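Trainee: Can we go through this one together? I'd like to start with a strand and then look at a helix pair.

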Amino acid sequence: MQALKFFLILFPFLNCFSQDYLDKNLKNEEYLSFRERIKARISGEKIKNSFFEANKSFTEKSEALGYIALTFDACEGKYNEELVNFLISENIPATFFLTGKWIDKNPQITAKLASNPLFEIENHGLKHRICALTGDKKYGLKKTANLDEIIDEIELNNRKIEKLTGKRPVFYRPAGAYADEICLNAASLLSMEIAGYDSLAGDSFSKTSAKEMSENIIKNARHGMVVLMHLNHPERNEVGALKIAVPILRKKGFSFCHLEDFTIR
Ligand SMILES: [Zn+2]
């Protein structure tokens with residue numbers, strides 16, 4: 001009984017410190033009615049089993065220009081400060097895809113990154129779920145269970161990011177870069193472009209060396225290339241890879257830009 005009393009006294013305080021990616025303030029009446037309206041427009045669509053990996057970016061490819069977009073997913077957990085310091089010291093624009101989970105662990109860092117014009121903040125999903133009702137599990141990641149979760153995954157994180165940064169994202173990269181046509185439909189109704197990628201640096205695997213990563217980045221370099229790396233693995237080799245790749249790419253005539261700078265087809 002004493003323990004229960006203690007818990008009841010502490011509960012509101014514990015709640016303050018709990019991870020708040022569900023963000024009850026954002027899930028208000030206005031949002032719930034908005035979600036119903038979006039759902040009504042999706043439910044009428046024929047559900048197709050078109051599970052896909054967003055492994056092609058929709059950016060313009062040409063030989064004439066030489067811009068590359070470095071994008072970094074912050075899935076959950078830690079923050080690679082050395083990476084951000086390197087990008088700042090080299091004046092390299094970058095695009096960060098943040099999850100609601102990561103933001104809740106790093107709210108001050110999110111605001112700080114957003115206040116630097118070198119960086120663009122985009123949406124990697126509220127709970128880092130694969131955005132699909134069809135298809136298989138990938139990388140041990142959970143999938144969205146229903147239409148409500150699909151819309152929450154995209155829109156609640158949009159609103160969370162906008163609340164913190166003052167700017168609504170325009171790109172959504174689903175967890176694991178996997179989605180299906182239902183998710184694509186929801187994203188389009190929410191005016192979001194699904195962000196793909198052209199080059200995986202290989203930092204999803206802890207053993208990829210800086211040299212291997214840099215080779216993965218350099219080998220297909222061309223205008224419009226979107227590189228996918230991570231912001232939440234300070235123990236991996238992204239900084240070492242960029243220290244090798246950036247001078248080589250610059251020597252080849254390439255510059256770096258935000259994803260939003262590319263012409264979207
Ligand atoms: Zn991720």
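This is a predicted model: local features need pLDDT of at least 70, side-chain atom pairs count only at pLDDT 80 or more; totals for chains, interfaces and linings use all residues.

Trainee: Which residues sit on which side of S3?

Mentor: Ala94, Phe96 and Leu98 are on one side, with Thr95 and Phe97 on the other. Both faces are covered.

Trainee: Why the every-other-residue pattern?

Mentor: Because side chains in a regular strand alternate between the two faces of the sheet.

Trainee: Which strands does S3 pair with?

Mentor: S3 pairs with strand S2, residues 67-74, in the parallel sense over 4 bridges. Asp73 stands opposite Phe97 of S3 there. The chain gets from S2 to S3 by way of H3, and that β-α-β crossover is right-handed. S3 also pairs with strand S4, residues 119-123, again parallel, over 5 bridges. In that pairing Thr95 is opposite Glu120 of S4.

Trainee: New topic. How do H3 and H9 pack?

Mentor: H3 is residues 81-89 and H9 is residues 238-251; their angle is about 20° and their axes are 9 Å apart. Angles under 35 degrees count as roughly parallel, so H3 is roughly parallel to H9.

Trainee: And which residues meet?

Mentor: From H3, Glu82, Leu83 and Phe86; from H9, Glu238, Val239 and Leu242. The contact has 4 nonpolar, no polar and 2 charged residues.

Notes:
Residues are numbered from 1 along each chain as its sequence is written. Axes are lines fitted to C-alpha atoms, for helices over the stretch in contact, and angles run from 0 to 180 degrees between N-to-C directions. Helices (H or I, at least four residues) and strands (E, at least two) are DSSP runs, numbered from the N terminus. Angles under 35 degrees count as roughly parallel, over 145 as roughly antiparallel, 65 to 115 as roughly perpendicular and the rest as oblique. Two residues are in contact if their C-beta atoms, placed from the backbone, lie within 7 Å. Ala, Val, Leu, Ile, Met, Phe, Trp, Tyr, Cys and Pro count as nonpolar, Asp, Glu, Lys and Arg as charged, and the others, Gly among them, as polar. A residue is buried if 20 or more other C-beta atoms lie within 10 Å of its own, exposed if 12 or fewer, and partly exposed in between; C-beta atoms are placed from the backbone. Two strands pair if DSSP finds at least two bridges between them. A crossover is right-handed if, with the strands pointing away from the viewer, the path from the first strand over the helix to the second runs clockwise.
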